[in-house]
Amino acid sequence: MKPLKFLTALFITAVISACTLDTERPRNVQYLDKTDAAWLQHLQKIEKIQQYRAKGQIGYISPTERFSSRFEWQYQHPQFYTLKLYSLVSKSTLLLEMRPQGMTISDNNGNRQSARNAKLLLQEMIGMDIPLEQLTYWLKGQPAVDSDYKVGTNHLLGAFSYPLDGSIWTADYLTYHSENAMPENILLKNKNTSQTLKIRVDEWAF
């Protein structure tokens, strides 16, 4: 199966909307100390969220790919999670399933590919170099212990930078849902690889 065959079929109608993504990191943002009591209380809460589901929209830009899509993310543990990407203007779907034996990527046309190395499979079949293992925590606003993170004036995660595989990922948490203090709009960037990932979470369940 040729690389990017999945994306060509699924997201060709979504390219224009991805072109309008605002990819600039916010500037002159004020932050609180990491010892802020309200932040530490919130951090304890999200650390206890081991299984969750999120729905929303994702926009991706790299030197070779550009698209946007709806997504559904269901996470149970590091070896068992599912990411579904789908278009609102077609019946096309793309399903990424992580299981103990490895990752499988399939679409609604019967195309299917599996491999034990999820990172390489994702790069080969979709052209995306997204750290799904780390995204599990980043999505819910939980910084890695060894990351350089900042606490926003809303007492929630404001931003972080994280070294991974020789490059630096940065994240800016632009807005949160008022009802549950979970992330709503997230901007992820990798300067080394010129990748931008903008995520909007519309629904949370945990």
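1. Aromatic cluster. In this predicted model, ring pairs join W138, F160, Y162, W169, Y173 and Y176 into a cluster. The structure as a whole holds twelve aromatic pairs.

2. The Y52–W204 pair. The ring centres of Y52 and W204 lie 5.6 Å apart, with the planes at 40°, so this pair is tilted. Y52 has a relative accessibility of 4%, and W204 has 13%.

3. The Y173–Y176 pair. Y173 and Y176 form a stacked pair, at 6.1 Å centre to centre with 20° between the planes. Y173 counts as buried because its relative accessibility is 7%, under the 20% limit. Y176 is buried as well, with a relative accessible area of 14%. Y173 and Y176 are also members of the cluster in point 1.

4. Charges over rings. Two cases can be checked by eye. K34 lies over the face of Y149, at 4.4 Å from the ring centre. The charged end of R99 sits over the ring of F80, 3.9 Å from the centre of that ring.

5. A buried histidine. H42 is found in helix α3 (residues 37-47). Its relative accessible area is 9%, so H42 is buried. Which residues does H42 touch, leaving aside neighbours within four places in sequence? The contacts are H155, L156 and A181. For L156, the C-alpha to C-alpha distance from H42 is 7.2 Å, while the two residues are 114 apart in sequence.

6. How many cavities of 30 Å³ or more does a search of the whole structure find? The search finds two. The largest cavity holds about 130 Å³ of space. Its lining has 14 residues, and I58, W73, L83, L132 and L135 lie nearest the centre. Elements giving two or more residues to this lining are β3 (66-77), β4 (80-86), α4 (118-126) and α5 (132-138). By class, the lining of the largest cavity has 14 nonpolar residues, with no polar and no charged ones.

7. Open space. About 400 Å³ lies in the largest pocket. The pocket lining counts 22 residues, with Y81, M98, A118, K119 and E133 nearest the centre. Two or more lining residues come from each of β5 (93-99), β6 (102-107), α4 and α5. Which element gives the largest share of the pocket lining? That element is α5, with five residues. The pocket lining divides into 13 nonpolar, four polar and five charged residues.

8. The chain overall. The secondary structure comes to five helices and twelve strands. Of the 206 residues in the chain, 49% are buried. Among contacts between residues at least 6 apart in sequence, 51% join residues at least 24 apart.

How values were computed: Residues are numbered from 1 along each chain as its sequence is written. This is a predicted model: local features need pLDDT of at least 70, side-chain atom pairs count only at pLDDT 80 or more; totals for chains, interfaces and linings use all residues. Side-chain values use heavy atoms; hydrogens and water are left out. On a 1 Å grid over the protein atoms alone, a cavity is a set of points where a 1.4 Å probe fits but cannot get out, and a pocket is an open set with protein on both sides within 12 Å along at least five of seven lines; lining residues have an atom within 4 Å of a point. Grid points are joined across faces, edges and corners, and a volume is the space filled by probe spheres set on the points. Helices (H or I, at least four residues) and strands (E, at least two) are DSSP runs, numbered from the N terminus. Ala, Val, Leu, Ile, Met, Phe, Trp, Tyr, Cys and Pro count as nonpolar, Asp, Glu, Lys and Arg as charged, and the others, Gly among them, as polar. Rings of Phe, Tyr and Trp (its six-membered ring) pair if their centres lie within 6.5 Å; planes under 30 degrees apart count as stacked, over 60 as edge-to-face and the rest as tilted. Buried means under 20% relative accessible area, exposed over 50%, partly exposed in between (1.4 Å probe, protein chains only). A charge sits over a ring if NZ of Lys or CZ of Arg is within 6 Å of the ring centre and within 35 degrees of the ring normal. Contact means heavy atoms within 4.5 Å.
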